[in-house]
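Open the model in your viewer and keep the sequence panel beside it. The stops below say what to select next and what is there.

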Amino acid sequence: MNGQVEMSLNMFEEMKKFGNVPNEITFVAVLGACRHMGLVEKGRKYFDSMIKKYNIEPNIKHYGCLVDLLGRSWLLKEAEELIYTMSMAPDVATWGALLGACKKHGNKEIGERIGRKLIEYQPEHDGFHVLLSNIYASKGNWENVVEIRGIMTKQGVVKTPGCSIIEADGVVHEFLAGDRSHPQMKEIEGMLEEMAGGLKRMGYAPGTSEVLPDIDEEEKETNLFRHNEKLAITFGLFTTSTPAPIRISKNLRICSDCHEAGKLVSGAFDREIVIRDRHIFHHFRNGTCSCNDYW
């Protein structure tokens with residue numbers, strides 16, 4: 001969860017050396033560590049040893065970890081085949097892991113098939129609609145984007161708004177995308193402009209491909225720079241000081257554009273940034289992230 005995969009796997013090996021027999025919960029943790037670093041071969045080895053050496057029957061969580069690992073590592077067809085050959089019926093979370101991988105790697109063919117299946121299974125789930133819509137948007141299929149958003153409206157599905165929370169001087173501050181209501185907005189605007197200029201000089205190009213096409217490129221970039229994560233990071237830059245890290249909590253998974261910006265800001269401003277999103281902790285230091293871009 002904190003990106004200390006090597007340490008966790010070493011501890012697993014140490015545990016076995018001292019005669020402690022791993023159980024099904026242990027293997028969920030081990031496979032989870034492998035998926036967060038894209039360790040495909042190790043993940044396969046541990047999965048096989050669980051069955052053949054320790055006689056543990058894989059449950060849905062073990063399969064889910066392996067599907068997620070394969071999907072994150074571009075092995076989308078293999079991940080889909082694994083789902084169809086599982087010894088039990090796949091749950092929605094397992095399908096969702098594959099859909100998320102399709103979104104990350106831009107695979108419209110599998111992503112559309114899985115996404116349509118999921119919004120049929122769980123028509124009230126906003127996340128599946130949004131993922132499928134984003135897959136279409138990344139490929140410029142705006143008619144399909146409008147269709148999915150129309151389905152959401154018709155079925156009363158409301159997208160959960162993303163928010164980021166940061167504490168400064170004992171006070172908790174919450175930011176939403178495009179938020180202009182903060183009492184220190186003037187200072188935030190100034191720092192945001194400085195941060196944006198610095199990132200662009202470093203070669204950062206905002207990922208505008210998933211922003212609706214009915215606004216111009218400059219407005220798309222402005223919208224991206226006003227994502228709640230970036231507003232919280234900006235606020236943290238002038239309300240906290242080194243060596244204290246900037247600590248942020250987020251209710252959804254961090255988007256790829258904010259993740260890239262987080263890495264660059266940590267290097268450009270020589271600050272450690274810790275973002276706890278819906279899935280893991282991201283420790284940004286010196287232009288890199290503890291997740292090694294697997295999340």
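A charge is said to sit over a ring if NZ of Lys or CZ of Arg is within 6 Å of the ring centre and within 35 degrees of the ring normal. This is a predicted model, in which local features need pLDDT of at least 70 and side-chain atom pairs count only at pLDDT 80 or more, while totals for chains, interfaces and linings use all residues. Residues are numbered from 1 along each chain as its sequence is written, and side-chain values use heavy atoms, with hydrogens and water left out.

**Stop 1: charges over rings**

Select K45 and Y46. The charged end of K45 sits over the ring of Y46, 4.9 Å from the ring centre. Then select R276 and F281: here the charged end of R276 sits over the ring of F281, at 5.1 Å from its centre.

**Stop 2: ring pairs**

Rings of Phe, Tyr and Trp (its six-membered ring) pair if their centres lie within 6.5 Å; planes under 30 degrees apart count as stacked, over 60 as edge-to-face and the rest as tilted. How many aromatic pairs does a search of the whole structure find? The search finds 7.

Select F27 and Y54. Their pair is tilted, with 5.7 Å centre to centre and 55 degrees between the planes. F27 lies in helix 2 (residues 24-35) and Y54 in the loop between helix 3 (40-52) and helix 4 (60-72), so the pair ties together parts that are 27 residues apart in sequence. Helices here are DSSP runs (H or I, at least four residues), numbered from the N terminus.

Is F27 buried or exposed? Buried means under 20% relative accessible area, exposed over 50%, and partly exposed in between (1.4 Å probe, protein chains only). F27 has 0% relative accessibility, so it counts as buried.

Next, select F235 and F238. Their ring centres are 5.6 Å apart and the planes are at 75 degrees, so this pair is edge-to-face. Both residues lie in helix 12 (residues 228-239), 3 residues apart, about one turn of the helix. F235 is buried, at 1%, whereas F238 is partly exposed, at 27%.

**Stop 3: helix 8**

Select residues 126-138, which make up helix 8. Of its 13 residues, 10 are buried, so the helix is largely enclosed by the rest of the structure. Among the buried ones are F128, L132 and Y136. Finish at G140, which follows helix 8 and has a positive phi, near 75 degrees.

Methods:
Helices (H or I, at least four residues) and strands (E, at least two) are DSSP runs, numbered from the N terminus. The expected span of a helix is 1.5 Å times one less than its number of residues.
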